[in-house]
Amino acid sequence: MNSLVVFFLPIFLHQGYAGNKAPNLIVLQPPRVTSLHVTSQIKYRFASTRITSKLANDGGLPSEAVFDVIIPSEAFISNFSLEIDGKTYTGVVREKTSPSSVRIKTRRRGPSADNQHKIRPRDTNRFTIGVDIAPRSIATFHLTYQEVLQRRLGTYKQVTYIDLGQPVPDLRVDVTIQESRDLTYLKVLPIKNSNFVTDVDVTEIDAESMVTMPTRNTAYIRYQPSIATQQNASAGDLPASLVVEYDVSRGKDAGDVLVVNGYFVHFFAPKIDNAVSKDILFILDTSSSMAIRKMQQLKLAMTGILQDLRVGDRFNILEFNTQADFWQDNQLLFVSDENVKTAVDYVTNLYSNGATNIYEALVNGLEFMNQHASENRSLLIFLTDGQASTGVTGNEAILSNVRSRNIYEIPIYSLAFGDDADWSFVKTVAIQNNGVGRRIYEESDAALQITDFYKEIATPILSGVEFTYLEDAANETTVTKSSFKNLFNGSEVVVAGQLAKDDVGVLSLVVSGNNDGEIVDLKLKAGVEELIPADETAREIEMTPFEEVTEKIWAYLTIKDLIRQYEGAMDQSQKEILKKKAVEMSLKYNLVTPLTSMVVIQFDGDVLEERPLQEESDATEDTGGRGGWSSRGGRDPHFMLKTAWLDDQLCFDVTGKPHDVFQIIKDPLLGLTINIQVNRGHSTGRTYIVKVAVILDGLTLTATRDDIRVNRWRHTWADDILHKMPKAVIISQHNVRSVRVGLEGGFSVVIFKHVPNNSGAGEEFLNIELDKEGKLSRNTTGLLGQFVHKRLIMKRPRRVGDKIVSQLELHTHKRVVRGLAELQMRRDPIFETMSRCWEVHPGKGTFALSQKHFLVKNIKSK
């Protein structure tokens, strides 16, 4: 009697074709982009960008027009509309938990909806919506997003991402800047196609950019790239970007305050030459997962950072793996040539080993700083590439102990290094401890990413910064965050709020802080509407009315503040209160935030349909306690596949027999094969994964429930293992019962051993996880490899009776296979809970999966 096999695997579906041919293929003629206009207006750091795209269907059959736009991760969408067949459809913001909003599962890396975007740039969100348009018809999309530009390293940066998957005959980008002070710096970087930080200073203005400055505080930029430029810019993996950087004049003053229509916005970035000395502790992860490349990049970054420490600073280093060890046991050393050289030598000799004891590192680090550091000049930099795997491993327990021991509220600046880092946890550590969290992407420029982050906090100019609005002029309950542990050179603080009364004519304020022992009090009186200038650039671009800017900045900052508090709150009732407030404001101002989404109400015949503006973003990422995607292997009775395109899993039944061996991945270009063997449990009668083989040139790894064999070496699951092979690194950590095979190209396989709970019920079995499967070649096949480099979408989810159904589309190269899928509740085999999945039926109008096609003779079959 056949039994059923189940295991989870995260497959990111790219466009392309591999594996067996599928039936019912339909050749589509994609619509043509006839025009793309981007209009961005920056008014007092508030950037509002409108994108208008027209797509024409020149073919004789209906075709899907896809509007696919990338925006900065800090921006909120504020408006969306679609014009088609003489009708206009407008986007409506809903709370994200609304059942009518079906979202694409989030993921930062990997290919997008088609070959045009192989990789989404860092720190961005992608929003996509598709509609069918009739032959020889045009669809026009309009999208507006808004953000308050942050000042980093002395400049404001506005980035416009441009879809250059195909040359656009009418492509134009307009940027207008209007500021409260004179522009002292303006740079328009040439259009580029890059995802990397560079230390090369690009100073020239692109030849196809027109830059004018009608007044000393306004600028106008128009960019119209030629077809040849567009083709060159679209040659890489990333969408092109146009970058505008600028800054305004500074003085040692309390900044600028805009007061209008009952709202005020206060910009504060004084010019102070004397830096505040700091006491700094670097807490560095040196666990085994940091092996080779990450350690090399960390050492390179730390060498530069140590050499950039300022005279007067004091510092120490705490490395942690299974245990945490200080470089200097009982002291902070003053910066000197000798001490820096000794520290560099220490860092150079660090090596990766052991597990990840985050609890001991943070707690010991804070207790050390409490004893040896100065209260108002202390900060921690904490870097990790994984999640807690030894010692105290519960995130809640770690966070609680860190908060209780941080008696001086020392800022913790947290870096999540690589895809496996627990970003949610790392970010929460920073939020709860007055710091900032940042992702460090695991690529060739990781060292520069780390050093650039350090540069942002390298030079504090004020500590203990407090904003006080006098004479009860401000409504304190509406004021955004107004107390800051540090103000760093090159940054800016923005505070906004509502006035307490309608008749306030002057807003008096004082900003106080400490500059290395010197008390600084900066005062200002701001008259209502006195900064409203003549709009010199209105003839070029219709600017946002000044009267709206202050309220929109206040709303943006307030929502950001609420979301930050929500992410850092530990009390569940408090989280719900903060979430409710953030959602209410998002809905009031029609903003797509991490807690809301946008749907487009569209009539399809007699049916009222809600089309979701689908989202792929970092802000909403749910990692489930792991830094990357989690794939879990297990037992019968069904096959569940987690893709990057679907919020819920895809599931279908696969029959199998005990001792069957399935080839799940075969990449002939990499020379990689991954096989699994299944068997029936002794006591339960269920089917489990009992053996996994990873075969690569020069490497044969087999993992069973008893041991791990790497070529001629035999290990137990209780061993810590490190093998450095020509094309791969094998690492095993006994405390988490896992073995990881990382290929030099970035693809990795992690095999976990599952053991029964304390009751002894159940069977031992193996789980498997694949990461960065986009690094596999397009020739990849296998039971799961057949999905690599394809796009899978559920189109137009709708309710039919008591069921929710969707049209399933499997996209290959210029072909689409269509069928139906039904939303079901199926049992999650690992957590023994019910889980939603889209169930498809092979052979019923959709692609047919043949289990027999991927059966092989034995576990080492290639």
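Two rings of Phe, Tyr or Trp (for Trp, the six-membered ring) are taken as a pair if their centres lie within 6.5 Å, and the pair is called stacked with planes under 30 degrees apart, edge-to-face over 60 and tilted for the rest. By this rule, a search of the whole structure finds 16 aromatic pairs. The model is a predicted one, in which local features need pLDDT of at least 70 and side-chain atom pairs pLDDT 80 or more, while totals for chains, interfaces and linings use all residues. Residues are numbered from 1 along each chain as its sequence is written, and side-chain values rest on heavy atoms, with hydrogens and water left out.

F80 belongs to strand β7 (residues 76-84) and F141 to strand β10 (residues 138-148), so the pair links distant parts of the chain, 61 residues apart; strands here are DSSP runs of E of at least two residues, numbered from the N terminus. Both F80 and F141 are buried, meaning under 20% relative accessible area with a 1.4 Å probe and protein chains only. Ring pairs also join F67 with F80 and F141 in a cluster.

Another pair is formed by F467 and F484, whose ring centres are 6.0 Å apart with planes at 75°, so it is edge-to-face. F467 lies in strand β27 (residues 460-469) and F484 in strand β28 (residues 483-488), so parts 17 residues apart in sequence are tied together. F467 and F484 are both buried.

Charges meet rings as well. The charged end of R45 sits over the ring of F267, 4.1 Å from its centre, and that of K294 sits over the ring of F417, 5.8 Å from its centre. The rule here asks for NZ of Lys or CZ of Arg within 6 Å of the ring centre and within 35 degrees of the ring normal.

Methods. Helices (H or I, at least four residues) and strands (E, at least two) are DSSP runs, numbered from the N terminus. Buried means under 20% relative accessible area, exposed over 50%, partly exposed in between (1.4 Å probe, protein chains only).
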